Amino acid sequence: MSGIKNENDGEDHFSRQESYRKLVPGNTNNEELGMKRIDQSNLSQNNKEYAAFLQEYNILSEYNLLRSQDLKGIYVIPSAKNPFIWFGVQFIRQGIYQGGVFRFTLTLPSNFPEGGCPIVIFQTKIFHPLINSETGELNTIWGFDEYRRNNRVWQLIQYITKVLTKVDSKMTPINEEASLLLETNFEEFRERAKNCVKESLNQVYNSPTSEDPHYITFSPYDKELHGPIRQDIYKPKEGDNKAIGFSWVQPGSLQPFSKPDAR
């Protein structure tokens, strides 16, 4: 369920309940398609079904590319019902919002990979110069003044982490109040940010706002349920206490091999 690559994953990196189980039909030369974006501009207008397959293939390859990146503290997964909507949760590990757990949705353009920058909307309220206080939408222009076809979704995910861990007064603001406080009254800005962190933690275990099976949820620690798993994680593995390295002394003594016996 995350944008972090799992070393135990097999070849089937992504399980879909619906259309992602479809196979992309072969091209006219019966060539095998690699995991990269496919240009849809050369497709004939009357081959809409093939174009839909290619678009889903492009989305799948984009997600696999995201999973291969070392994006720490952030989890992302496409919706099981709508491949254009991705659910995400950002855990902030440093900076003014440290400790916050912020939910967001990322919506791809309907003609992806064309159509410009995906839309990022935070479900958790965040007082930030680049986040609309009413809608929760993130201003992506500061990081992507022109989102091109060769831009990647993982770069946008990385941008989310960047703007929440390091707030820059030079940011092109969408929340004027936050921007003004950041420049003129940093202590007040810090206090507003900390309140957002506290509120986000109070909402971690809230009921899902979506019935989508891929919506990321968390449950409180249950000693009976999670205790045995925790013990197994901390349990020393067999062989952990074995001595390692080489012995350079005579067996049964402290006599080094390099020193001859005294006569």
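These legends walk through several close-up views of one predicted model. Because this is a prediction, local features need pLDDT of at least 70 and side-chain atom pairs count only at pLDDT 80 or more, while totals for chains, interfaces and linings use all residues. Residues are numbered from 1 along each chain as its sequence is written, and side-chain values use heavy atoms, with hydrogens and water left out.

**View 1**
Helices (H or I, at least four residues) and strands (E, at least two) are DSSP runs, numbered from the N terminus. Starting at that end, the order of elements is α-β-β-β-β-α-α-α-α. Of the 263 residues in the chain, 37% are buried; buried means under 20% relative accessible area, exposed over 50%, and partly exposed in between, using a 1.4 Å probe and protein chains only. A contact means heavy atoms within 4.5 Å. Among contacts between residues at least 6 apart in sequence, 58% join residues at least 24 apart.

**View 2. Four strands form an open sheet in the order β1-β2-β3-β4, with antiparallel pairing.**
The edge strands are β1 and β4 (119-122), each pairing on one side only. Neighbouring strands are turned by 20 degrees against each other on average, direction ignored. Helix α1 packs on this sheet, touching β1 and β2, and its direction makes about 15 degrees with that of β2. Axes here are lines fitted to C-alpha atoms, for helices over the stretch in contact, and angles run from 0 to 180 degrees between N-to-C directions.

**View 3. A hairpin of six residues joins β1 to β2.**
Two strands pair if DSSP finds at least two bridges between them; β1 and β2 (residues 85-91) are antiparallel over five bridges. Look for Ile74, whose bridge partner in β2 is Gln90. Four of the five residues of β1 (residues 74-78) are buried, so this strand is largely enclosed by the rest of the structure.

**View 4. Thr105 sits in strand β3 (residues 101-107).**
Thr105 is buried, with a relative accessible area of 16%. Leaving aside residues up to four places away in sequence, Thr105 touches Trp86, Phe87, Ile119, Val120, Ile121 and Gln123. Further along, β3 and β4 pair in the antiparallel sense over four bridges, and Thr107 stands opposite Ile119 in β4.

**View 5. Tyr97 and Phe102 are an edge-to-face pair.**
Rings of Phe, Tyr and Trp (its six-membered ring) pair if their centres lie within 6.5 Å; planes under 30 degrees apart count as stacked, over 60 as edge-to-face and the rest as tilted. The whole structure has 10 aromatic pairs. In the one shown, the ring centres are 6.2 Å apart and the planes stand at 85 degrees, so the pair is edge-to-face. Tyr97 is buried at 0% relative accessible area, and Phe102 is buried at 0% too. Elsewhere, ring pairs link Tyr75, Phe91 and Phe218 into a cluster.

**View 6. Helices α1 (residues 48-67) and α2 (residues 153-165) pack at an angle of about 45 degrees.**
Their axes are 8 Å apart. That angle makes α1 oblique to α2: under 35 degrees counts as roughly parallel, over 145 as roughly antiparallel, 65 to 115 as roughly perpendicular and the rest as oblique. Glu62, Leu65 and Leu66 in α1 meet Val153, Trp154 and Ile157 in α2.
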